[in-house]
Amino acid sequence: MLADPTHALCKDFEVLIESDAMAERGSFIVNPEGKIVVYEVNAGNVGRNADELFRRLQASQFVAEHGDQVCPAKWHPGEETLKPSLDLVGML
């Protein structure tokens with residue numbers, strides 16, 4: 001969490017509500033290469049879940065280390081992952 005009194009970041013992340021001089025509530029996970037790998041933007045009146053954000057951070061870190069694996073929905077550290085394949089995505 002951070003403050004952005006000059007609105008520099010909220011402009012860069014395109015979450016500024018200019019008419020109100022406020023930002024939508026956003027969560028952004030940036031990998032070591034500077035690429036956004038996870039983002040979620042909520043209206044200010046919609047609650048957020050810190051536990052879910054932390055889970056997505058852990059999954060992002062795991063995938064960065066083990067790029068040949070996929071963390072399924074609701075995955076937590078120590079649980080089984082998936083390996084990308086045609087069997088996983090299906091065929092047309």
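Visitor: Is Trp75 buried or exposed?
Guide: Residues under 20% relative accessible area are buried, those over 50% exposed and those in between partly exposed (1.4 Å probe, protein chains only). Trp75 has 3%, so it is buried.

Visitor: What kind of model is this?
Guide: Residues are numbered from 1 along each chain as its sequence is written, and side-chain values use heavy atoms, without hydrogens and water. Local features need pLDDT of at least 70, side-chain atom pairs count only at pLDDT 80 or more, and totals for chains, interfaces and linings use all residues, for this model is predicted.

Visitor: How many bridges join strand 3 to strand 4?
Guide: Strands (E, at least two residues) and helices (H or I, at least four) are DSSP runs numbered from the N terminus, and two strands pair if DSSP finds at least two bridges between them. Strand 3 (residues 25–30) and strand 4 (residues 36–42) run antiparallel, and their bridges number 6.

Visitor: How many aromatic pairs are there?
Guide: Rings of Phe, Tyr and Trp (its six-membered ring) pair if their centres lie within 6.5 Å; planes under 30 degrees apart are stacked, over 60 edge-to-face and the rest tilted. By this rule, the count is 3.

Visitor: Why is the pair of Phe28 and Tyr39 stacked?
Guide: The ring centres of Phe28 and Tyr39 are 6.5 Å apart. The pair is stacked because the angle between the planes is 15°.

Visitor: Which residue pairs with Phe62?
Guide: This pair is tilted, with 5.2 Å centre to centre and 50° between the planes. Phe62 lies in helix 2 (residues 50–65), and 13 residues away, in the loop between helix 2 and helix 3 (86–89), is its partner, Trp75.
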